[in-house]
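Here are my notes on the model, as numbered points. Have a look at the structure first, then read on.

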Amino acid sequence: KDLLGIQLAHPNAGMWTFYQAIDSGIPTPAEAWQMTRWVDTRIAHIPIRGKNVPDENLFILPTTSWLPYQWSLNNVVVAENMHTSLAFWLANRPEAAFALFKGTLLDTMFLGLCPGNVGAMTSHDMARGESQRDFADGIGTTSRALIEGLFGVKPDALAGELKIVPGFPNSWNFAKIHHPDFNFEFHRTGTTGTFREVYLIEPKFSKPMKLNLEICALGTDAEITINGQPAKWNWVQDIFGVQRVLITSDAAKKYEIMVNWKEAIPKP
């Protein structure tokens, strides 16, 4: 939106409009999903390819489709892409979020000139190339995308709530992370219709918080236990993207949540 004059809204949004709005919690779930479709259809998807790069439709994005090229307006930047992947997770589109997240990591950390580095620009930037490799602006958003997006850990100590919304790709059967404030582990066994999932959660926050765990639904019904005791669950209402169920529990030192899925959800 123009700062001066009659403050016209730009008809061709940039990625910052997308991820800042979603990260701020402004749009409804339906609006957030629609905004992800804008990114799908209006922002160029640059495929990530190369030696030893898996063929998984990985990609990275420029910040806008504006021409001609201008510095800071249509770059290919690690921080912008990681924040966009986080926004896709917040909009409940984990598969697209992970394809962008992994594509960006491979671009900067594996294919880049500094192995293991999280730089600023990437090799796909038209004019700058992979410059400013010592800038740290990508580290914060990469960390947030990993913790709040892929593992979905979102503590709210003021509200006394530990919300976890895992964003793992559907093909994953195992994930594990150790963090100074928590340990989180996920396992899945079985086949369609008989999946069993186990979530191991150990909070280490200074304040005890109740647990709200939202997981992707693999069936139309489930038997769930928390620390060996039967637990109730509910469908998450008014969401777009993948279907999820909500599992709640009072504060505890550790949680072992076992989910036995029944009646596989039919494919559309």
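1. A word on exposure before anything else: buried means under 20% relative accessible area, exposed over 50%, and partly exposed in between (1.4 Å probe, protein chains only). You'll find asparagine 52 in the loop between β1 and β2; helices (H or I, at least four residues) and strands (E, at least two) are DSSP runs, numbered from the N terminus.

2. Some housekeeping. This is a predicted model, where local features need pLDDT of at least 70 and side-chain atom pairs count only at pLDDT 80 or more, while totals for chains, interfaces and linings use all residues. Residues are numbered from 1 along each chain as its sequence is written, and side-chain values use heavy atoms, with hydrogens and water left out.

3. Glutamine 7, not a glycine either, has a positive phi of about 55°; glutamine 7 lies in the segment before α1 and counts as partly exposed at 40% relative accessibility. Then there is a cis peptide bond, with omega near 0°, from leucine 67 to proline 68. Proline 68 is in the loop between β2 and α3.

4. On to the rings. Rings of Phe, Tyr and Trp (its six-membered ring) pair if their centres lie within 6.5 Å, and planes under 30 degrees apart count as stacked, over 60 as edge-to-face and the rest as tilted. The count by this rule is 14 aromatic pairs. One of them is stacked: phenylalanine 182 with phenylalanine 205, 6.4 Å centre to centre and 25° between the planes. Phenylalanine 182 is in strand β6 (residues 182-189) and phenylalanine 205 in the loop between β7 (196-203) and β8 (210-216), so this pair ties together parts 23 residues apart in sequence. Phenylalanine 182 counts as buried at 5% relative accessibility, whereas phenylalanine 205 is partly exposed at 21%.

5. Phenylalanine 186 and tyrosine 199 make a tilted pair, 5.2 Å centre to centre with 40° between the planes. Here strand β6 is linked to strand β7, the two residues being 13 apart. Phenylalanine 186 is buried at 1% relative accessible area, and tyrosine 199 counts as buried at 3%. Both belong to one aromatic cluster, made up of Trp89, Phe98, Phe101, Phe151, Phe168, Trp172, Phe184, Phe186 and Tyr199.

6. Charges over rings deserve a look too (NZ of Lys or CZ of Arg within 6 Å of the ring centre and within 35 degrees of the ring normal). The charged end of arginine 128 sits over the ring of tryptophan 71, 4.9 Å from its centre. Arginine 188 does likewise over the ring of phenylalanine 195, at 5.7 Å from the centre.

7. How many salt bridges does a search of the whole structure find? Eight, each being a side-chain nitrogen of Lys or Arg within 4 Å of a carboxyl oxygen of Asp or Glu. Glutamate 56 pairs with lysine 102, the closest N and O atoms being 2.9 Å apart. Glutamate 56 lies in the loop between β1 (46-47) and β2 (59-60) and lysine 102 in helix α4 (residues 94-110), so parts 46 residues apart in sequence are tied together. Glutamate 56 is partly exposed at 38% relative accessibility, and lysine 102 is partly exposed at 23%.

8. Glutamate 223 and lysine 262 meet in a salt bridge at 2.8 Å, N to O. Glutamate 223 is in strand β9 (residues 219-226) and lysine 262 in strand β13 (residues 255-264), so the bridge ties together parts 39 residues apart in sequence. Elsewhere, Asp23, Arg144 and Glu148 are linked in a network of salt bridges.

9. Please also inspect glutamate 214 and lysine 163, whose side chains meet in a salt bridge (4.0 Å, N to O). Glutamate 214 is buried at 14% relative accessible area, whereas lysine 163 counts as partly exposed at 28%.
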